[in-house]
Amino acid sequence: MLNLPWKPYYAQGPIANEEEMANNSVYYVWSLALTVVFTVAVYSFEGMLDDRQKAAYKKTSFPKELATTVDAIDQEMSKTEAKKKTETTTATTTKDGGSHDKEDEQADKEKEEIDSSKPLLPQLQAKFKNAQAYGLDKINFGMIASTYDTVESVAFLFLGFLPYTWDLAATVGDQFFGWAPQEEHEIKISLIFLAIVTVIGTITSLPFELYSTFEIERKHGFNKQTIGLFISDKIKSLALTFVIGGPFTALLLYIIKAGGEYFYIYVWGFMFCFSLFMMTIVPVFIMPLFNKYEPLPEGTLKTRIFELAGRLKYPLTKLFVMDGSKRSSHSNAFMYGFGSNRRIVLFDTLLTQVKEDEILAILGHELGHWKLGHTLSNFWVTQIYSGAAFYFFSLTFGAADLYAAFGFTKLTPTVVALLLFFQTLWAPVDKILSFLLTVFSRHNEFAADKFSVDLGMSQMLQSGLCKIHLENLGAMCPDPWYSTYHYSHPPLVERLAAMMALDKKQK
């Protein structure tokens with residue numbers, strides 16, 4: 001096993017100049033071994049982080065820092081509510097001349113508002129045990145799924161899954177469609193190859209998805225999805241993968257094969273256009289296949305959201321409510337659109353979990369991402385990443401010894417060259433860049449929080465985030481190493497502390 005080069009069980013055939021490759025090619029000697037070592041190393045490192053987070057989920061005492069921070073929020077909210085009550089009572093008495101009926105009506109309304117603004121700390125403390133149990137179940141299941149994925153990946157490498165599947169696809173193409181020789185029908189055979197890989201991946205991942213949805217999410221009260229809806233979603237997703245992914249892949253492979261030495265430039269342009277295309281059709285045509293989007297009913301919330309958008313010069317044209325509750329009780333809100341045609345979507349669950357002022361503050365945060373250019377910067381970072389990846393791919397595209405190390409000793413299909421490049425040479429780069437993007441994302445989240453604070457929405461954003469965290473049973477004491485590596489959003493206590501620090505500066 002320690003003798004190099006390592007070889008897959010299945011290969012397309014013997015290599016004519018294998019001895020020369022073994023003596024002179026670093027790719028041929030080391031590629032399979034280093035890919036396996038890197039895969040296991042990443043699994044081990046992330047497993048260590050999972051163990052740390054698992055230990056954090058086993059804590060039974062509510063985190064002191066979070067308790068101190070949320071208690072301070074409760075005190076500020078109590079002062080604000082008391083001030084509002086005094087001002088409202090004074091104004092009502094002056095306007096209504098002491099009218100008993102109107103005073104009683106106003107008092108009832110105030111009482112309802114106070115009841116809906118119960119202190120957050122006791123609620124978080126009451127849900128702490130549930131949040132810990134939910135997190136523990138997820139991390140345990142995630143560790144099992146990660147172990148399976150790693151074992152499957154390593155097994156596929158050693159067994160020669162890719163060359164075997166390619167040869168199977170070529171056989172299917174030849175016997176059923178007459179697609180031979182392979183060189184003349186490579187793109188069409190590539191589509192069969194990807195279809196087989198997709199179906200196998202769907203089948204192997206299905207038990208994990210079912211358990212996550214219908215056991216873990218159901219156990220903790222989040223899943224609202226029926227098995228029929230789950231199957232329907234899966235069929236739609238597969239259909240879209242073939243309908244959109246097929247032509248996309250065919251065009252991509254054609255551009256690579258026909259683009260010559262500088263094909264990566266044309267590929268980058270194609271990927272840029274395809275990104276814009278998907279950003280256009282996904283919210284308009286694809287998302288409605290899975291959820292209903294209805295206009296937000298007329299009322300003060302709709303009016304205030306349009307006023308906020310106008311205040312920030314955000315070209316909001318439509319405001320929707322999405323029926324997220326038919327799948328889960330988790331909540332969210334997001335924006336999409338181009339130029340002067342922007343839209344905002346609120347999950348129906350969000351409307352029931354937080355108050356109107358808190359929804360405004362949350363949207364203030366989301367609009368902050370747009371106003372501060374985060375949405376545009378993320379788009380361009382993605383495009384630069386894509387361009388860089390395909391440039392480096394172009395440098396190894398003709399490396400037959402690299403592909404021979406994985407069993408492709410005859411024809412090396414372009415689609416396989418792409419898969420192996422991203423699985424081998426680019427994998428370490430991808431891990432580093434993904435971590436840097438996670439750090440960048442957290443920086444943007446703090447900036448968007450500050451934007452909402454500067455709009456005068458600090459207190460409502462803090463309470464809104466606490467309530468969403470409460471409803472979603474979010475981690476209340478995440479391990480610092482785990483959260484730094486995995487979380488695209490800072491932990492709740494860090495966000496609250498940062499906003500409270502900004503409040504003090506403003507005072």
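**Notebook: a sheet, its helices and some loops**

I began with helix α12 (residues 356-371), which lies across β3 and β4 and runs at about 40 degrees to β3. Helices (H or I, at least four residues) and strands (E, at least two) are DSSP runs, numbered from the N terminus. For angles, I used axes that are lines fitted to C-alpha atoms, for helices over the stretch in contact, with angles from 0 to 180 degrees between N-to-C directions. Contact here means heavy atoms within 4.5 Å.

A note to myself on the source: this is a predicted model, where local features need pLDDT of at least 70, side-chain atom pairs count only at pLDDT 80 or more, and totals for chains, interfaces and linings use all residues. Residues are numbered from 1 along each chain as its sequence is written, and side-chain values use heavy atoms, with hydrogens and water left out.

**The sheet**

Next I looked up the strand order: the open sheet has 4 strands, β1-β2-β4-β3, with mixed pairing. Its edge strands, each pairing on one side only, are β1 (293-295) and β3 (333-338). From one strand to the next, the twist averages 30 degrees. Two strands pair if DSSP finds at least two bridges between them. I found 3 bridges joining β1 to β2 (residues 316-322), and these strands run antiparallel. Pro295 has Phe320 in β2 as its bridge partner.

Helix α10 (residues 300-311) lies across β2 and β4 (341-347), at about 140 degrees to β2. In the loop between α10 and β2 I came to Lys313. Lys313 is not a glycine, yet it has a positive phi of about 60 degrees.

Helix α2 (residues 26-57) has 32 residues and spans 45 Å from first C-alpha to last, close to the 46 Å expected (1.5 Å times one less than its number of residues). I found a bend of about 25 degrees at Leu32; the bend is the angle between axes fitted to the seven residues ending there and the seven starting there.

**A helix pair**

I then turned to α17 (residues 458-471) and α19 (residues 492-506), which pack at an angle of about 170 degrees with axes 10 Å apart. The two helices are therefore roughly antiparallel (over 145 degrees; under 35 is roughly parallel, 65 to 115 roughly perpendicular, and the rest oblique). Among the contact residues are Leu461 and Leu465 of α17, and Leu496 and Met499 of α19.

Ala180 and Pro181 are joined by a cis peptide bond, with omega about 0 degrees. Pro181 sits in the loop between α6 (161-177) and α7 (186-219).
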